[in-house]
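Trainee: I would like to learn how to read the features of a model one by one, with the general idea before the particular case. Could we go through it together?

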Amino acid sequence: MDGNLEIIELRKNGKIHFNMNDGTGNFEEITITDYVEKEVLGFGWGTDTVRFELFSTEKGSLLVLVETLQNLTEHTPKDLAGWHICLDMLTDLLNGVEHQYFPMDEWQQRFSEYQKMLNSIK
């Protein structure tokens, strides 16, 4: 499965391409705002930021995803659902299960859940 995020230059101020995967070859270029090898990867996500942090633990490793939201928009539940599914897919991959396609049905379910959750706090 082709991923949407493709790291072009893995360093602070490096580049990531967000590939549209729509057959056009179009992508959006994203700047890496923070990078520490095997510890931190941070980048802009529209007006927000996304940061992955990796920590060693007694039992292995802990991955923490932090998305800092500037404003709640109609797009926010889509992003949250997308990150949720990406983390689920990463868990599956670490457990030996590889997805051939992005699970849109699961994404739709998560999107509905996040949309309801965000609507309840507005």
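Predicted model: local features only at pLDDT ≥ 70, side-chain atom pairs only at ≥ 80, totals over all residues.

Trainee: Does Leu94 count as buried or exposed?

Mentor: The general idea is a set of cut-offs on relative accessible area: buried means under 20%, exposed over 50%, and partly exposed in between, with a 1.4 Å probe and protein chains only. Leu94 counts as exposed because its relative accessibility is 70%.

Trainee: Which residues form a nonpolar patch on the surface?

Mentor: Patches are made of residues with over 30% relative accessible area and no salt bridge, like charges being joined within 9 Å and nonpolar side chains (Val, Leu, Ile, Met, Phe, Trp, Tyr) within 5 Å. Here Leu54, Leu63, Leu87, Leu90, Leu93 and Leu94 form such a patch, with about 510 Å² of accessible area together, the areas coming from the Shrake-Rupley method with a 1.4 Å probe, and for residues only the protein chains shown count as cover. Helix H1, residues 76-94, supplies the largest share of the patch, four residues.

Trainee: How many helices and strands are there in the chain?

Mentor: The chain has two helices and six strands, and read along the sequence they follow the pattern β-β-β-β-β-β-α-α. Of its 122 residues, 25% are buried.

Trainee: Which residues make up the largest nonpolar core?

Mentor: A nonpolar core is a set of buried Ala, Val, Leu, Ile, Met, Phe, Trp, Tyr and Cys residues joined through side-chain atoms within 4.5 Å. The largest one in this model has nine residues, namely Ile16, Ile30, Ile32, Leu41, Phe43, Trp45, Val50, Phe52 and Trp83. Strand S3 (27-36), strand S4 (40-45) and strand S5 (48-57) are the elements that give two or more residues to this core, and S4 gives the most, with three residues. Apart from this core lies another, of eight residues, among them Met89, Trp107, Tyr114 and Leu118.

Trainee: How should I read the aromatic pairs?

Mentor: A pair of aromatic rings is described by the distance of the centres and the angle of the planes. Rings of Phe, Tyr and Trp (its six-membered ring) pair if their centres lie within 6.5 Å, and planes under 30 degrees apart count as stacked, over 60 as edge-to-face and the rest as tilted. The structure holds seven such pairs. In one of them, the rings of Phe18 and Trp45 have centres 5.5 Å apart and planes at 85°, so the pair is edge-to-face; it links distant parts of the chain, with Phe18 in strand S2 (residues 15-19) and Trp45 in strand S4, 27 residues apart. Phe18 counts as partly exposed at 22% relative accessibility, whereas Trp45 is buried, with a relative accessible area of 17%.

Trainee: What kind of aromatic pair do Phe52 and Trp83 form?

Mentor: Phe52 and Trp83 form an edge-to-face pair, 5.8 Å centre to centre and with 75° between the planes, in which Phe52 belongs to strand S5 and Trp83 to helix H1, 31 residues apart. Phe52 counts as buried at 18% relative accessibility, and Trp83 counts as buried at 8%. Ring pairs link Phe18, Phe43, Trp45, Phe52 and Trp83 into a cluster.

Definitions and conventions: Residues numbered from 1 in each chain as written. Heavy atoms only, no water. Salt bridge = Lys/Arg side-chain N within 4 Å of Asp/Glu carboxyl O.
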